[in-house]
Amino acid sequence: MGIVSPGFTGRRRSERPDLPPGQYLVEDFPVLSAGPTPRVSLDEWEFVISTETGAEFRWTWSEFQNLPTETPTVDLHCVTRWSKLGTRWAGVSLDVLLDGVETAADYALAHSYGGYTTNLPLEDLQGGRAWVAYRFDGDDLPAEHGGPARLLVPHLYLWKSAKWVRGIRLSMADEPGFWETAGYHDYGDPWREQRYQGD
Ligand SMILES: Nc1nc2c(c(=O)[nH]1)N[C@H]1C(S)=C(S)[C@@H](COP(=O)(O)O)O[C@H]1N2
Ligand SMILES: [Mo]
């Protein structure tokens, strides 16, 4: 008789409590981009938050560099099932960027140089859970990973972390972004395996 180990997947999971269901570990850093890498010069770069009333809050690259920096170490979970643990970043917390932005909005749509968009509830950008990151692993963020700067929202699947981020539009209505329009889950919690609509 072969010995069947009914608890196998459960046991594996508890050995890696930091790995969401259905994910495997990678040591490299895969690049996933839906189009060509946009090249944005730092002279022209800006980050804009706009609100439902049309108010706009803008930072040039040098203004942005003068904001307080945080250095989060976070786990990344891609919907294509790879996870990379303990990644080290530097960036500006969305709490800092949203400080002083008066809004009644519930939703945010991140938009990028190159046209990519992704939506998330505004509250998921708050509470020390989201950054506009411009350094990775001690170096400037490479262009293929979203440099000069990308959104970093590690508690959601990585497609929510818009590379080459240009701004955030705050609104009263939830507007699906690029992958959400193509059938990906509206919210995308890796711990609840919210990969596609209906999950
Ligand atoms: N602007 C932009 N941001 C993007 C994407 C993209 O195609 N364009 N792909 C998303 C997806 S699906 C993933 S998994 C991650 C990949 O980030 P990486 O290439 O740094 O691993 O970026 C996300 N952000
Ligand atoms: Mo992805």
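## A partly exposed pair: E56 and R58

E56 is partly exposed, at a relative accessible area of 46% (buried means under 20% relative accessible area, exposed over 50%, and partly exposed in between, using a 1.4 Å probe and protein chains only). Its salt-bridge partner is R58, with the closest N and O atoms 2.6 Å apart (a salt bridge here is a side-chain nitrogen of Lys or Arg within 4 Å of a carboxyl oxygen of Asp or Glu). R58 is also partly exposed, at 43% relative accessibility. E46 joins in too: E46, E56 and R58 are linked in a network of salt bridges.

## About the model

This is a predicted model, where local features need pLDDT of at least 70 and side-chain atom pairs count only at pLDDT 80 or more, while totals for chains, interfaces and linings use all residues. Residues are numbered from 1 along each chain as its sequence is written, and side-chain values use heavy atoms, leaving out hydrogens and water.

## Bridges across the chain

Over the whole structure, a search finds 10 salt bridges. One of them joins E193 and R81, at 3.8 Å from N to O. This pair links distant parts of the chain, 112 residues apart: E193 sits in the segment after α4 (178-181), and R81 in the loop between β4 (73-77) and β5 (82-93) (helices, H or I of at least four residues, and strands, E of at least two, are DSSP runs numbered from the N terminus). E193 is partly exposed at 27%, as is R81 at 37%.

## A buried pair

K160 and E180 form a salt bridge with their closest N and O atoms 2.7 Å apart. K160 lies in the loop between β10 (150-152) and β11 (165-171) and E180 in helix α4, so the pair ties together parts 20 residues apart in sequence. K160 is buried at 0% relative accessibility, and E180 is buried at 3%.

Definitions and conventions: Chains are lettered from A and ligands numbered from 1 in the order in which they are written.
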